[in-house]
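Notebook open, structure loaded. Today I want to look up how the side chains pair up.

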Amino acid sequence: MLKPGQQSILNKHSQQLDFRSLLDIEQQSWREGYFNFDGESIQSVCQQLSRWYPVDFEIDPHIPAGEYHGSISKSYSLNEVLDILTKNKLDVEFKNRNDQIIVRLKQK
């Protein structure tokens, strides 16, 4: 069970949850190679991703405000990171068009 000020991180390979203090995660994420999202908007998430991967994002202005929380390893490919984001938050989809990622609401 999570306590206030903690975050859990799933190890993809071992399927084990690791619980850490948010302060520890914030301080260590840059050293250990993680994207750390703590209440980030989709715009902020995409901005961080574009600094790491050689891609630009075009974000649909109609996407409602939302918050992303969690850590994702920078060792994952861009496609793996985008898959994680779409499975865990908001009804958005990412489409690659001429080396630009289009972020829009999922079509129902």
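My entries below go through aromatic rings, salt bridges and a surface patch.

**Entry 1: aromatic rings.** I'm working from a predicted model. I searched for ring pairs and got 3 of them. I opened phenylalanine 35 with tryptophan 52 and found an edge-to-face pair, with 6.5 Å between the centres and 90° between the planes. Phenylalanine 35 is in strand S3 (residues 34–40) and tryptophan 52 is in helix H2 (residues 42–52), so this pair ties together parts 17 residues apart in sequence. I checked burial too: phenylalanine 35 has 2% relative accessibility, so I put it down as buried. Tryptophan 52 comes out at 47%, so I noted it as partly exposed.

Phenylalanine 35 also pairs with tyrosine 53, and here the geometry is tilted, 6.0 Å centre to centre with 35° between the planes. Tyrosine 53 lies in the loop between H2 and strand S4 (56–59), so its pair with phenylalanine 35 of strand S3 joins parts 18 residues apart in sequence. I have tyrosine 53 as buried because its relative accessibility is 11%, under the 20% limit. Stepping back, I see Phe35, Phe37, Trp52 and Tyr53 linked into a cluster by ring pairs.

**Entry 2: a lysine on the rings.** I then looked at lysine 74. Its charged end sits over the ring of tryptophan 52, 4.6 Å from the centre. The charged end of lysine 74 also sits over the ring of phenylalanine 35, at 5.3 Å from that centre.

**Entry 3: salt bridges.** How many salt bridges does a search of the whole structure find? I got 2.

Glutamate 58 bridges to arginine 97, with the closest N and O atoms 3.5 Å apart. That one links distant parts of the chain, strand S4 for glutamate 58 and strand S6 (residues 92–97) for arginine 97, 39 residues apart. I logged glutamate 58 as partly exposed at 37% relative accessibility, and arginine 97 as partly exposed at 45%.

Arginine 104 meets glutamate 93 in a salt bridge at 2.7 Å, N to O. Arginine 104 is partly exposed at 32%, whereas glutamate 93 counts as buried at 16%.

**Entry 4: surface patch.** Last, I looked for nonpolar side chains on the surface. Leu2, Leu10, Leu17 and Phe19 make up a patch there, with about 370 Å² of accessible area together. I picked out leucine 17, which is in strand S2 (residues 17–21). Its 48% relative accessibility makes leucine 17 partly exposed.

Conventions. Residues are numbered from 1 along each chain as its sequence is written. This is a predicted model: local features need pLDDT of at least 70, side-chain atom pairs count only at pLDDT 80 or more; totals for chains, interfaces and linings use all residues. Side-chain values use heavy atoms; hydrogens and water are left out. Patches are made of residues with over 30% relative accessible area and no salt bridge: like charges are joined within 9 Å, nonpolar side chains (Val, Leu, Ile, Met, Phe, Trp, Tyr) within 5 Å. Accessible areas come from the Shrake-Rupley method with a 1.4 Å probe; for residues, only the protein chains shown count as cover. A salt bridge is a side-chain nitrogen of Lys or Arg within 4 Å of a carboxyl oxygen of Asp or Glu. Helices (H or I, at least four residues) and strands (E, at least two) are DSSP runs, numbered from the N terminus. Buried means under 20% relative accessible area, exposed over 50%, partly exposed in between (1.4 Å probe, protein chains only). Rings of Phe, Tyr and Trp (its six-membered ring) pair if their centres lie within 6.5 Å; planes under 30 degrees apart count as stacked, over 60 as edge-to-face and the rest as tilted. A charge sits over a ring if NZ of Lys or CZ of Arg is within 6 Å of the ring centre and within 35 degrees of the ring normal.
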